[in-house]
Amino acid sequence: MEKIFLCAISNINSGTCNEDCKFCSQSVKFKADIERYKQKPIVDIVDEAKTAYSNGALGFCLVTANKGIDDKILNFVCDVAKAVTKEVPQLRLIACNGTASVSQLQTLKDAGIKAYNHNLETSENFYKEICTTHPWSERYETCQNVNKVGLKLITGGIFGLGESDEDRVSMLESIKSLNPTSVPLNFFHPNPALPLKPKKLGVDEALSLIRISKEILGDDIERLMVAGGREITFGDRQDEIFEYGANSIVIGNYLTTSGRDKSKDYEMLERLGFGVATSKDLKNA
Ligand code: SF4
């Protein structure tokens, strides 16, 4: 039986970023109508971790909305990682905290973080169209730093920003060059506050992007995850993402948008004959 890896996200700091990524409602520049807070109470994050584990999630991702890590964020994420590890040691902790140096990543690793997620987002060439406050090269460099400290690398991107087919292939080739364990594919979720107003991806086009991703990334990538934008992009055809190569999904809510009720995802996995992955199913534990 094929097993699907489930990952849950905790937005441990929300909507406080000064960067200007045009697809991101967490930027303070666009004044999107989202919840904003500096630090979620650790006791609440631990409760979310317990719920995520009881819902079948194996990955639990601690996300902060800033360009990168400073001492305050580093200390907070480490405190959260230690608290969650103590209460729910079965979860594989992922940190997603923006650009990071080798020594910051080593500190996270020492605190119990197993993997680091930093997305390339799009091609190097197209990146300047969607962000003017930092370069794509910083994103690539952080991913290289993740590999240097021996954390598992999770890096992916977002489709539907108005990028060309060439940009998509270029992004996927850059991702492949970093040899990640897991690749999250996000699909743009429009928000009226955001300056980006691209044409919406059709379901067939979005499914073909999963297939192209699988073809370019190859079988060395352990997990191809359909992450943000699944519901809004695939609607009642979410079953089909697995035929095209996805073997991982986010369960529950995303950073600033709601996912569908988890019971619908379980019903989908059961109907399709899939199991839910546990740590024993990881090639690369
Ligand atoms: S750096 Fe990250 S959190 Fe900040 S605006 Fe860009 S994508 Fe959003």
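**A friendly first walk through the model**

P41 sits in the loop between β1 (3-11) and α1 (42-54). This is a predicted model, where local features need pLDDT of at least 70 and side-chain atom pairs count only at pLDDT 80 or more, while totals for chains, interfaces and linings use all residues. Residues are numbered from 1 along each chain as its sequence is written, and side-chain values use heavy atoms, leaving out hydrogens and water.

Trainee: Which class of accessibility does P41 have: buried, partly exposed or exposed?

Mentor: Buried means under 20% relative accessible area, exposed over 50%, and partly exposed in between (1.4 Å probe, protein chains only). P41 has 42% relative accessibility, so P41 counts as partly exposed.

Trainee: What separates the C-alpha atoms of P41 and V80?

Mentor: Along the chain, P41 and V80 are 39 residues apart.

Trainee: How many helices and strands does the protein chain have?

Mentor: Helices (H or I, at least four residues) and strands (E, at least two) are DSSP runs, numbered from the N terminus. Counted that way, the protein chain comes to 9 helices and 10 strands.

Trainee: What radius of gyration does the protein chain have?

Mentor: The radius is taken over C-alpha atoms, and the globule rule is 2.2 Å times the number of residues to the power 0.38. For 285 residues, a compact globule would have a value near 19 Å. The protein chain agrees with that, at 17 Å.

Trainee: Which classes of residue make up the shell around the ligand?

Mentor: The ligand is surrounded by C17, E19, C21, F23, C24, S27, H134 and R139, where near means a heavy atom within 4 Å. Ala, Val, Leu, Ile, Met, Phe, Trp, Tyr, Cys and Pro count as nonpolar, Asp, Glu, Lys and Arg as charged, and the others, Gly among them, as polar. The shell therefore has 4 nonpolar, 2 polar and 2 charged residues.
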